[in-house]
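This briefing goes through one protein model, topic by topic. The sequence and structure come first, and the notes follow.

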Amino acid sequence: MQLVSLAQAGHAVTSDSLNAEVDFENLQLPSLEGLDRLLAKKKRVAKWVPDQNGSLVLPSRANWFSSSKSSKKVSSNYVTSIIDGLKKLYVKKLKPLEVTYHFSDFVSPLLANSDFDAKPMVMLLGQYSTGKTTFIKHLLRTSYPGAHIGPEPTTDRFVVVMNGPDERSVPGNTIAVQADMPFSGLTTFGTAFLSKFECSQMPHPLLENITIVDTPGVLSGEKQRTQRSYDFTGVTSWFAAKCDLILLLFDPHKLDISDEFKRVIASLQGHDDKIRVVLNKADQVDTQQLMRVYGALMWSLGKVLNTPEVTRVYIGSFNDRPINEAPTGPVGKELFEKEQDDLLSDLKNIPKKACDRRINEFVKRARAAKIHAYIISHLKKEMPAMMGKAKTQKRLIDNLEDEFVKIQKEHHLPAGDFPNVEHFREVLSGYSIDKFEKLKPKLIQAVDDMLGYDIPELLKNFRNPYD
């Protein structure tokens, strides 16, 4: 700035200008020409102001979505990232539809800012003693606070392993009420679950990019349903919707998929693209046995995962001990190392795909909310005005499959996007259909505009922040 002042005062600017004897005290400050005109042009632009939390927001009079040219397009002047844009779109266009038709009670709780800002999550599922906690220890190269490893069912709770300033365990009731944590939706499962839920925090470079969810081993027999005091499959389904990757761990000696584990895998429906299968402890059997074990595993999975595509299976021994070469020989060791490298590269790619995954889940949620609104409004329309409301409600609930078919044909919707009939019937039985809202075309149109105009505009203006 001193050089600019010297130049504007008429002095010759050279490499020795600052070392020369110049009276800097009486030298005038540099002037910026054209600044006043630029400020005058921007006087009418809405300014950011700090809110109660200290974050920058627009004043209430400045409508973020308003535009003199079109009300459909989102102005990118007030959006700093794709995630920021999704937050505003959700509050402005999607949340009103969800609130009007009780979407949070039937499908998924309402989203908070922490749900958008959360780091990518990886969940591990499997029967007891298949090496889930050992797998996490192998990834982190150290044990996380509160980890227990043993041949018996040791992990008796859901543990979220995430980055933190120091090593500590935070109880579930505490973590569920923290506004900056994306776990407030778990309060719907009650205190019985929150007492079996905790968060382990520790400083680690891997946890700066992803969060890992360790789960209790799936038990066999009636113990899974009757002795757990919370809805285990409901919790896994909730986490599956939030996670970016789901690892199903199997042991060569535990290939049978029990009815309980089958129900848990069925609760992952709609998230098939996130599922990866890991055949752990593969160095405990020789090459011939490994071939038979792999075939038996694929046979078992084929009866549970109702997809025509083959699920990706990683074979290896994911623990801190050196690979046991005795059963499989050097060929087996090379195979396990390649499989481990593939799995690690899959994990490393999670942060890069996180932004795309967030958009994908948001669009999926918007379409589910639209279909839910059609269902609720259709049931409301079928109710009589005066007499026979209880009888009509019972008939509608009993014949819910037929009502779904009517809605599908009326609005030309794909059958695969409709919710599970039994679950919907169970929740619907606790409501009075007559109290539901009629179809509001403006709310549906707002969501259609968001999917058709606003989200493509966001993607055009911003790139993936991890690139």
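In which loop is His-102 found? His-102 sits in the loop between H3 and helix H4 (103-106). The model is a predicted one, with a mean pLDDT of 80 for the protein. The protein has 18 helices and ten strands, and 45% of its 467 residues count as buried.

**Confidence**

- A pLDDT of 70 or more is reached by 82% of the residues of the protein.
- Confidence is lowest in strand E2 (residues 56-57), where the mean is 44, and highest in strand E7 (residues 211-214), where the mean is 91.
- The pLDDT is below 50 over residues 43-49, a stretch that has 18 contacts in the model beyond near neighbours in sequence.
- The pLDDT is also below 50 over residues 53-78, and this stretch has 51 contacts in the model beyond near neighbours in sequence.

**Contacts and surface**

- Among contacts in the protein with a separation of 6 or more, 77% are between residues 24 or more positions apart.

**Aromatic pairs**

- The structure holds 22 aromatic pairs.
- One of them joins Tyr-90 and Phe-362 in an edge-to-face arrangement, with 6.5 Å centre to centre and 70° between the planes.
- Because Tyr-90 lies in helix H3 (residues 82-100) and Phe-362 in helix H14 (residues 350-382), this pair ties together parts that are 272 residues apart in sequence.
- Tyr-90 has 1% relative accessibility and therefore counts as buried, the cut-off being under 20%.
- Phe-362 counts as buried as well, at 3% relative accessibility.
- A further pair is formed by Phe-404 and Phe-418, whose ring centres are 5.4 Å apart; their planes are at 45°, so the pair is tilted.
- Phe-404 belongs to helix H16 (residues 400-411), and Phe-418 to the loop between H16 and helix H17 (421-428); the two are 14 residues apart.
- Phe-404 is buried at 6% relative accessibility, and Phe-418 is buried at 12%.
- One aromatic cluster is made up of Phe-158, Phe-183, Phe-189, Phe-193, Phe-197, Tyr-230, Phe-232, Trp-238 and Phe-239.

**Glu-361 in helix H14**

- Helix H14 also contains Glu-361.
- Is Glu-361 buried or exposed? Its relative accessible area is 16%, so Glu-361 is buried.
- Leaving aside residues up to four places away in sequence, Glu-361 touches Ala-241, His-271 and Lys-274.

**Cysteines**

- Cys-199 is buried, with a relative accessible area of 0%.
- Cys-243 is buried, with a relative accessible area of 1%.

**Helix H11**

- Helix H11 (residues 259-266) has Glu-260, Phe-261, Val-264 and Ile-265 as its buried residues.
- Why do these buried residues line one face of the helix? Viewed down the axis of H11, they fall within an arc of 140°, and therefore they line one face.
- In general, an α-helix has 3.6 residues a turn, so residues three or four places apart point the same way.

**Loop residues**

- Gly-217 is in the loop between E7 and helix H9 (223-227).
- With a relative accessible area of 11%, Gly-217 is buried.
- The C-alpha atoms of Gly-217 and Ser-129 are 7.1 Å apart in space, although the two residues are 88 apart in sequence.
- In His-102, a residue other than glycine, phi has a positive value near 55°.
- His-102 counts as partly exposed, at 29% relative accessibility.
- Lys-281 also has a positive phi near 55° and is a residue other than glycine.
- Lys-281 is placed in the loop between strand E9 (275-279) and helix H12 (287-304).
- As background, most residues other than glycine have a negative phi.

Notes: Residues numbered from 1 in each chain as written. Predicted model: local features only at pLDDT ≥ 70, side-chain atom pairs only at ≥ 80, totals over all residues. Heavy atoms only, no water. pLDDT = per-residue confidence, 0-100. Helix = DSSP H or I, 4+ residues; strand = E, 2+ residues; numbered from the N terminus. Contact = heavy atoms within 4.5 Å. Buried < 20%, exposed > 50% of the residue type's maximum accessible area, 1.4 Å probe, protein only. Phe/Tyr/Trp six-rings, centres within 6.5 Å; stacked < 30°, edge-to-face > 60°. Arc of directions from axis to C-beta.
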